[in-house]
Protein chains: 2
Amino acid sequence: MKIGIIGLGLMGGSLAKTLKKLGGYEVFGYDIDETTMLKADMLGAINGELTVDTAKDLDMLIVSLYPSGFLSSVERFLPVLKDGTIITDFCGIKRQTMADMRELAKKYPNLVFIGGHPMAGREFSGIDRSVSTLFEKASMILTNVNADIFVLEEVKNFYLSLGFGEVVITTPEYHDRAIAFTSQLCHIVSNAFIKNEIASEHFGYSAGSYKDLTRVARLNPEMWAELMTMNKDNLSKELDELIGNLIKYSEALKKGNKAELKQLLSEGNDRKLLIDSRKK
Amino acid sequence: MKIGIIGLGLMGGSLAKTLKKLGGYEVFGYDIDETTMLKADMLGAINGELTVDTAKDLDMLIVSLYPSGFLSSVERFLPVLKDGTIITDFCGIKRQTMADMRELAKKYPNLVFIGGHPMAGREFSGIDRSVSTLFEKASMILTNVNADIFVLEEVKNFYLSLGFGEVVITTPEYHDRAIAFTSQLCHIVSNAFIKNEIASEHFGYSAGSYKDLTRVARLNPEMWAELMTMNKDNLSKELDELIGNLIKYSEALKKGNKAELKQLLSEGNDRKLLIDSRKK
């Protein structure tokens, strides 16, 4: 199977490494950064560069870029792809990319696209941090534009074969709403948390809870600003809901009302237990 | 060495198990809950019950209780302790316990007390969840009332011998200020975060960042409400600082101002990198 990957950063690089580890894939990669291309080559993560030539007989093209780079990069290769090449992507926001693809489908009626978002990542970026184990047991979210059920099944099985633990199929709208909370809000909270003045003096005074809360304070500002701005409706709703809840704790604390604070903590504790109990 | 432990929950139970694993200690424990006492016995975590009889020749008495239970439990044993018995505790708040001990020291001038707070824990409670590895590599914070430097050194070495990675000596005031951020604020954020309506639908849409953010949403509401209310000045300052920062992200998002959002994210990212770079 011949696979093209556009973008060889943490995600695209990890994908290339995973495919090479599994074997049976011919992988052609492209990255705008020359050093990344060299590294991908040296690491043996790709068989060669993805060009308009090598793209001609791809079975699958996977785009692993910021949302802003998505459209132009797909458009570059679309004219040369053979009929039936499946296009999929790793973009963290789905309404925009799906709308872009719907537009392109008017010009390229044979275009087959299934949007994807791997629920995997690290607080680092770049091919140097990519690993062939990144997707193990993670969830893969798929959103469909115009592909038939057989193609959807094929893409689903492809991702499961890479080690993903499950594949969830949903609408772009629901994806963006869910991800605003499960991923984007976590990054904002962590990134804001570390700004408290006393954070710089935490050594010797912290344990697991501080470590967990601040892990994703480290992030790629350009990429996340783009993803978050494109999802501002959902994300600001989630953020304001959280701020509203935090204010309740603050008010209880200021009153020194232990019973009220205990009630607030109990509600959160009960909800956490209830949600965890639904785990498969 | 003969050690008494009051309170055999997660922390006290883990301490008893650690001492028994190390060997060379005779451990007497007391817990208000009869089932806990039975379990401690059955697990071989204690040699016997801590009573006014067995307390007579203790070398060290360690109190591992909620702050509200601290004073009365210490007072029960003080009259029978031999001269030179070192008293220490595991209480998560230090201004109040240190003040209590200063009061008691007026009545018992030979009282030797060094406050302690192990920077270790789990999102579970009770002796069933206690483990002999809980303190491994963790930090132990000590606050001193009236003990001389030799006793302080002895207590420090005692804790290091249990597997603690470092011992930090500070004032009760600084302890409470730091802990408001490194521990208490984490618990409030996590506990509030899980209340967002969409949290109950996260399956298939979440990964490490959600898992980390919500881990300590599960907590003991009674104990934390007590600790937090006793530290309300410091904690509400930290909480309001966080809320103030979160509002900045919310405003940038609502304006759809990507540059402003990127700036906010960059500041958090830079701060995280700077703080991590100071790690020993």
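Visitor: Which residues does Val151(A) touch, not counting residues up to four places away in sequence?

Guide: Two residues are in contact if their C-beta atoms, placed from the backbone, lie within 7 Å. Here Val151(A) touches Ile86(A), Val112(A) and Ile114(A), with residues up to four places away in sequence left out. This is a predicted model: local features need pLDDT of at least 70, side-chain atom pairs count only at pLDDT 80 or more, and totals for chains, interfaces and linings use all residues. Residues are numbered from 1 along each chain as its sequence is written, while chains are lettered from A and ligands numbered from 1 in the order in which they are written.

Visitor: Where in chain A is the place of Val151(A)?

Guide: Helices (H or I, at least four residues) and strands (E, at least two) are DSSP runs, numbered from the N terminus. Val151(A) sits in helix α5, residues 149-161 of chain A. Chain A has ten helices and eight strands.

Visitor: Why is Val151(A) partly exposed?

Guide: Count other C-beta atoms within 10 Å of the residue's own, placed from the backbone: 20 or more is buried, 12 or fewer exposed, in between partly exposed. Val151(A) is partly exposed because 17 other C-beta atoms lie within 10 Å. Across chain A, 51% of the 280 residues are buried.

Visitor: How many residues of chain B are in contact with chain A?

Guide: 79 residues of chain B contact 80 residues of chain A. On the chain B side, α9(B) gives the most, with 16 residues.
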